[in-house]
Amino acid sequence: MQSAAMRRLDRVLRSVADKQVMLTFIGESGVGKEVLARRAHELSERRHGPFVPINCAAIPESLFESELFGHERGAFTGASERARGKIEAADGGTLFFDEIGEMPAPMQAKILRFLDNRRFMRVGGTIKLEADVRLMCATLRPLAQDVRAGRFRADLYYRIEGVTLHVPPLRERRSAIVPLIRQFIAEATARHRVEPPRLTRSVRAMLLQYDWPGNVRELRNLIERLCLLRGGRQVRLHDLPEHLYASQGPREHVAPAGEPLVLSLDDGLDAMLLKIVEAALTQAGGDTRRAAARLRISTRTIQRYIATGQVRVPVRGG
């Protein structure tokens, strides 16, 4: 929880995690909505119960009811034995509906009925069962939009409407990138029993500049790949996927060593300051200590500019 936006989100999460209220997380794919839902579960009185996720977009409509409610032996072709569903598995804990906006319309009605009395029947069954579950949801877009478009039942929307938490994309919390890289390297090296890779300054700069359309999931996958392929060795720019370069587009010209830096008073003081810092970094070859010494400012000041994306470290081939 490094960025200010995520610290605010965490404060709200802590205040509602232990309350009997339904939570909905809204954000782009890969921002960590399930991670936050698990955190809310672990902060609640249900922490000793199960946390059961179900991706509504990944289950065929014909299998959704069985997946959710379970089925009895012989309920349909291939049902050779009784199976518990996600609701039954989540009894005493939390049921997390990921991409709930993609839930088939017939299932929306059945979920609404379950929420009204907490009772259900397995497919092919005749006995009503009870389950004590807390519901959490995640969606890519506000469910109100799906209600207006006729894709989501209004009565179910009002039934599950509780506290909505907006999770910002990674490009809006760049200060979290470096801590996440450290965390993912530690996790991947422990899991795969490999040495951590060594990232060059230019690689770190590229990772900070990239917009991460796949968000935290994309960053995690890249770091895991680097740990597997470059474990114990140095990672240079050519070890990164090509699409990271393509996303950068043309760079503004920054004066190389020996060339005078041209500033315009029309840019304003803040913009000129950032341009000076970036020029100093360029001439120092990306070395933040040398650049800071030359400008007579602290290294932490330059690192803060880089972490927040205000200044980009010029890429000079590893």
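**View 1. Helix α12 meets helix α14.** The axes of α12 and α14 (residues 299-307) come within 11 Å, crossing at roughly 105°; axes here are lines fitted to C-alpha atoms, for helices over the stretch in contact, with angles running from 0 to 180 degrees between N-to-C directions. On the α12 side, the contact (heavy atoms within 4.5 Å) uses Leu273, Leu274, Val277 and Leu281, and α14 brings Ile302, Tyr305 and Ile306. Sorted by type, that contact has 7 nonpolar residues, no polar and no charged; Ala, Val, Leu, Ile, Met, Phe, Trp, Tyr, Cys and Pro count as nonpolar, Asp, Glu, Lys and Arg as charged, and the others, Gly among them, as polar. A word on the model: it is predicted, so local features need pLDDT of at least 70 and side-chain atom pairs pLDDT 80 or more, while totals for chains, interfaces and linings use all residues. Residues are numbered from 1 along each chain as its sequence is written, and side-chain values use heavy atoms, leaving out hydrogens and water.

**View 2. Helix α12 against helix α13.** Here α12 (residues 269-283) and α13 (residues 288-295) have axes that come within 8 Å and cross at roughly 125°. That makes the pair oblique. The touching residues are Ile276, Val277, Ala280, Leu281 and Gln283 from α12, with Thr288, Arg290, Ala291, Arg294 and Leu295 from α13. This contact splits into 6 nonpolar, 2 polar and 2 charged residues.

View 3. Five strands line up with parallel pairing in the order β2-β5-β8-β1-β9, where pairing takes at least two DSSP bridges between two strands. β2 (51-55) and β9 (163-166) sit at the edges with a single partner strand each, so one side of each has no neighbour in the sheet. On average, neighbouring strands are turned by 20° against each other, direction ignored. β1 (residues 23-26) runs parallel to β8 (residues 134-139), joined by 4 bridges, and Phe25 stands opposite Ala138 in β8. Helix α1 (residues 4-16) packs on the sheet, touching β1, β8 and β9, and its direction makes about 160° with that of β9. Helix α2 (residues 33-42) also packs on the sheet, touching β1, β2, β5 (94-98) and β8, at about 155° to the direction of β2.

**View 4. Strand β8 and Cys137.** In β8, 6 of 6 residues are buried, meaning under 20% relative accessible area, with exposed over 50% and partly exposed in between (1.4 Å probe, protein chains only). Arg134, Met136 and Ala138 lie on one side, and Leu135, Cys137 and Thr139 on the other. Cys137 has a relative accessible area of 1%. Its C-alpha is separated by 4.6 Å from that of Phe97, 40 residues apart along the chain. Beyond four places away in sequence, Cys137 touches Leu23, Thr24, Phe25, Phe96, Phe97, Ile100 and Ile160. Met136 stands opposite Leu23 and is also the bridge partner of Phe96.

**View 5. Helix α3.** In α3 (residues 61-69), the buried residues are Phe64, Ser66, Leu68 and Phe69. Gly70, with a positive phi near 85°, follows the helix.

Notes
Helices (H or I, at least four residues) and strands (E, at least two) are DSSP runs, numbered from the N terminus. Angles under 35 degrees count as roughly parallel, over 145 as roughly antiparallel, 65 to 115 as roughly perpendicular and the rest as oblique.
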